[in-house]
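Here is a chain to look at with some care. The questions that follow ask how each description of it is reached.

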Amino acid sequence: MQSLGDRIKILRENKSLTQKDLAAMAGLTVAQLSRYETNDRKPDPESLRSIVDALDTNADYLLGRNEDPSPSYDKGMSMSFYGGPEAYTADEIAMMEAALKAYREQKKKLLDGEIEKN
């Protein structure tokens, strides 16, 4: 069975990333990442989340709980699970609110008979 460190290293190499690249992407030092890959240390929850995000994978895969390295949100999970509103910029939130407003207006017009359903 592959260890946490093995899985991090395999995914990193599959993405053609150096330890320096992944460490920078995850906000870690190269020494930290090296210790994780060699199983000298285990990442704390925040570091694990950073590695998961940087490798675009899921924590269950890295922890050996499943064999599918696909990101969890590909399985239909709500994106709010990954941080909620604080994970988005003000511009992204404004765009989502505008889209929701337009949807609600269109739905109201459809229900009021002002437009025909296609």
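Q: In what order do the elements of the chain run from the N terminus on?
A: In this predicted model, the elements run α-α-α-α-α-α from the N terminus on, and the chain has six helices and zero strands.

Q: Why is H2 called roughly perpendicular to H4?
A: The axes of helix H2 (residues 19-26) and helix H4 (residues 45-55) come within 8 Å and cross at roughly 115°. Angles of 65 to 115 degrees count as roughly perpendicular, and therefore H2 is described as roughly perpendicular to H4. The crossing of these two helices, H2 and H4, is right-handed.

Q: What makes the contact of H2 with H4, by class, a matter of nonpolar, polar and charged residues, and how many are there of each?
A: On the side of H2 the contact is made by Leu22, Met25 and Ala26, and on the side of H4 by Ser50, Ile51, Ala54 and Leu55. Sorted by class, these give six nonpolar residues, one polar residue and no charged ones.

Q: What makes a set of residues a nonpolar core, and which residues have the most contacts inside the largest one?
A: The members must be buried nonpolar residues joined through side-chain atoms within 4.5 Å. The largest such core has 17 residues, and those with the most contacts inside it are Ile8, Leu22, Leu28, Ile51, Leu55 and Leu62. H4 gives the most to this core, with five residues.

How values were computed. Residues are numbered from 1 along each chain as its sequence is written. This is a predicted model: local features need pLDDT of at least 70, side-chain atom pairs count only at pLDDT 80 or more; totals for chains, interfaces and linings use all residues. Side-chain values use heavy atoms; hydrogens and water are left out. Axes are lines fitted to C-alpha atoms, for helices over the stretch in contact, and angles run from 0 to 180 degrees between N-to-C directions. Helices (H or I, at least four residues) and strands (E, at least two) are DSSP runs, numbered from the N terminus. Angles under 35 degrees count as roughly parallel, over 145 as roughly antiparallel, 65 to 115 as roughly perpendicular and the rest as oblique. A crossing is left-handed if the near helix is turned anticlockwise from the far one by less than a right angle, and right-handed if clockwise. Contact means heavy atoms within 4.5 Å. Ala, Val, Leu, Ile, Met, Phe, Trp, Tyr, Cys and Pro count as nonpolar, Asp, Glu, Lys and Arg as charged, and the others, Gly among them, as polar. Buried means under 20% relative accessible area, exposed over 50%, partly exposed in between (1.4 Å probe, protein chains only).
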